[in-house]
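Please read this report with the model open beside it. It starts with a few terms and then turns to the chains.

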Amino acid sequence: MKTNTLLAFALFCLAGQAAAMGVKGDAAAGKQRATTCAACHGADGNKTLDNTYPKLAGQYPDYLLKALKEYKSGKRVNAVMAGQVQALTDADMANLAVYFGSLKGQMGIVK
Amino acid sequence: MTKTSLFIGLVLALAGSTCLAKGDAQKGKALAYTCTGCHGIPEYKNAYPSYHVPKIAGQNEAYIVNALTAYAKGERNHPTMVVQAKSFSAQDIADIAAYVSALNPAK
């Protein structure tokens, strides 16, 4: 009984951690939504329109999702992105974050 | 004559705009040592709220300049980044962006 409770608690903790680690989203659905993004961020998430636009390919999905949510709430201010995110649902944003995070990127850690 | 001077003026204007706060990657490397404390650790996470600190090595140069400038002005509001960015001059920011954007971690 005690072991079961402990096991349940451990599983609960692990599940919580897993949810925080990865964004739950559908990359294929994100790809469908990403056609607009491609105009500036590049179809591959690397070849941006010019270098004022960030590369998104391979970026951490949880960071991308945070950015999208902040554009929508107005916490992060960018005229172009504010317009783009208004039509996106939470699920759309999660799907886009997972999709761009899954693309082969050119970025990494600073050494 | 007027066409030629107009042309020269245009060339000078263009040259001037691209020369504005040109970054020195060598100087940027020294300044970017601080960045490695968070942006140099694979899978490093921000606490409260919890999310991965973004990958910035190899990110586009002008985007990095804009991001750091926005933090310095308080337009972007991550507490640590605001403090860091405020400690940099516009030239420091250009230097850091030159260095960080030129990194090629994918190679």
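## Terms and ground rules

A crossing is left-handed if the near helix is turned anticlockwise from the far one by less than a right angle, and right-handed if clockwise. Helices (H or I, at least four residues) and strands (E, at least two) are DSSP runs, numbered from the N terminus.

This is a predicted model, in which local features need pLDDT of at least 70 and side-chain atom pairs count only at pLDDT 80 or more, while totals for chains, interfaces and linings use all residues. Residues are numbered from 1 along each chain as its sequence is written, and chains are lettered from A and ligands numbered from 1 in the order in which they are written.

## The two chains

Chain A has 6 helices and 0 strands. Its elements follow the pattern α-α-α-α-α-α. Chain B has 6 helices and 2 strands. From the N terminus, the order in chain B is α-α-α-β-β-α-α-α.

A residue is buried if 20 or more other C-beta atoms lie within 10 Å of its own, exposed if 12 or fewer, and partly exposed in between; C-beta atoms are placed from the backbone. In chain A, 35% of the 111 residues count as buried. In chain B, 32% of the 107 residues do.

Two residues are in contact if their C-beta atoms, placed from the backbone, lie within 7 Å. Take the contacts in chain A between residues at least 6 apart in sequence: 72% join residues at least 24 apart. For chain B, residues 24 or more positions apart account for 68% of the contacts with a separation of 6 or more.

## Nonpolar cores

A nonpolar core is a set of buried Ala, Val, Leu, Ile, Met, Phe, Trp, Tyr and Cys residues joined through C-beta atoms within 7 Å. The largest one has 23 residues. Val110(A), Leu68(B), Ile96(B), Ala97(B) and Val100(B) have the most contacts inside it. Helices H4 (61-73) and H6 (90-102) of chain B each supply at least two residues of this core. H6(B) gives the largest share, 7 residues.

What does Val110(A) touch, leaving aside its neighbours within four places in sequence? Its contacts include Ala32(B), Cys35(B), His39(B), Ile56(B), Val100(B) and Leu103(B).

## H4 against H6 in chain B

H4(B) and H6(B) pack at an angle of about 140°, with their axes 8 Å apart. Axes are lines fitted to C-alpha atoms, for helices over the stretch in contact, and angles run from 0 to 180 degrees between N-to-C directions. Angles under 35 degrees count as roughly parallel, over 145 as roughly antiparallel, 65 to 115 as roughly perpendicular and the rest as oblique. H4(B) and H6(B) are therefore oblique to each other. Their crossing is right-handed.

On the H4(B) side, the contact includes Ile64(B), Val65(B) and Leu68(B). On the H6(B) side, it includes Ile93(B), Ile96(B) and Val100(B).

## Where the chains meet

The contact between the chains takes 27 residues from chain B and 22 residues from chain A. Helix H3 (36-39), strand E2 (51-52) and H4 of chain B each supply at least two residues of the side that touches chain A. H4(B) gives the most to that side, with 4 residues.
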